Amino acid sequence: MVQIGQYPAEYNPKIHGPYDPARFYGKPDTPFGQVKLSEVGSWLARRNKSPQAIAGAFSRTYWRWQHKYVLPKRAGIAPFAQVVFGAMGVFYFLNYGKISHHRNYKYH
């Protein structure tokens with residue numbers, strides 16, 4: 001059953017306190033930075049690859065970014081610059097085929 005708009009099943013307010021959308025409430029696993037090269041396959045096999053889990057990961061990433069750059073009292077220009085540079089990178093990738101034909105070559 002899809003639980004859109006509901007708390008995660010692992011969340012318990014008596015244990016975890018106020019709900020934080022940027023936190024993963026599931027069973028903790030070894031961080032990717034601490035995984036040995038021989039264990040990468042088993043580490044990837046333990047990941048939940050359902051669409052709901054992927055959407056939850058994107059949501060947590062978004063809220064972590066919001067809490068760090070957008071929501072502080074004196075946020076500054078960093079979130080706007082990140083969005084602009086990210087959009088520049090995306091549109092460069094999308095238009096690379098057209099841009100590559102306009103190179104200036106030096107013929108000898």
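Reader: Which helix gives the largest share of the lining of the largest pocket?

Author: This is a predicted model. In it, helix 3, residues 51–70, supplies eight residues to the lining of the largest pocket, the largest share. The whole lining has 34 residues. Nearest the centre of the pocket lie Phe 24, Gln 52, Ala 53, Gly 56 and Arg 60.

Reader: What is the volume of the largest pocket?

Author: About 1000 Å³.

Reader: Next, charged side chains. How many salt bridges does the structure hold?

Author: The general idea is that side chains of opposite charge can pair when their charged atoms come close. This structure holds two salt bridges. In one of them, the side chains of Asp 29 and Arg 46 meet, with 3.1 Å from N to O. Asp 29 is in the loop between helix 1 (13–16) and helix 2 (40–45), while Arg 46 is in the loop between helix 2 and helix 3, so this pair ties together parts that are 17 residues apart in sequence.

Reader: Which residue meets Arg 47 in a salt bridge?

Author: Asp 29 does, at 2.7 Å from N to O. This pair also links distant parts of the chain, 18 residues apart: Arg 47 sits in the loop between helix 2 and helix 3, Asp 29 in the loop between helix 1 and helix 2. Through shared partners, the salt bridges join Asp 29, Arg 46 and Arg 47 into one network.

Reader: Is Ser 100 buried or exposed?

Author: Buried means under 20%. Ser 100 has a relative accessible area of 19%, so Ser 100 is buried. The residue belongs to the segment after helix 5 (96–99). A polar atom of the Ser 100 side chain lies 3.2 Å from the backbone oxygen of Gly 97.

Reader: Which residues form a nonpolar patch on the surface?

Author: Val 90, Phe 91, Phe 93 and Leu 94 do, and together they have about 480 Å² of accessible area. Take Val 90 as the example: its place is in helix 4, residues 78–94. With 47% relative accessibility, Val 90 counts as partly exposed.

Note on methods. Residues numbered from 1 in each chain as written. Predicted model: local features only at pLDDT ≥ 70, side-chain atom pairs only at ≥ 80, totals over all residues. Heavy atoms only, no water. Patch = residues over 30% accessible without salt bridge, like charges linked within 9 Å, V, L, I, M, F, W, Y side chains within 5 Å. Areas by Shrake-Rupley, 256 points an atom, 1.4 Å probe, with all protein chains shown as cover. Salt bridge = Lys/Arg side-chain N within 4 Å of Asp/Glu carboxyl O. Helix = DSSP H or I, 4+ residues; strand = E, 2+ residues; numbered from the N terminus. Buried < 20%, exposed > 50% of the residue type's maximum accessible area, 1.4 Å probe, protein only. Polar contact = N/O pair within 3.5 Å; in protein donor to acceptor, adjacent residues only side chain to side chain. 1 Å grid on protein atoms, 1.4 Å probe; cavity = no way out; pocket = protein on both sides within 12 Å on 5 of 7 lines; lining within 4 Å. Points joined across faces, edges and corners; volume = space filled by probe spheres on them.
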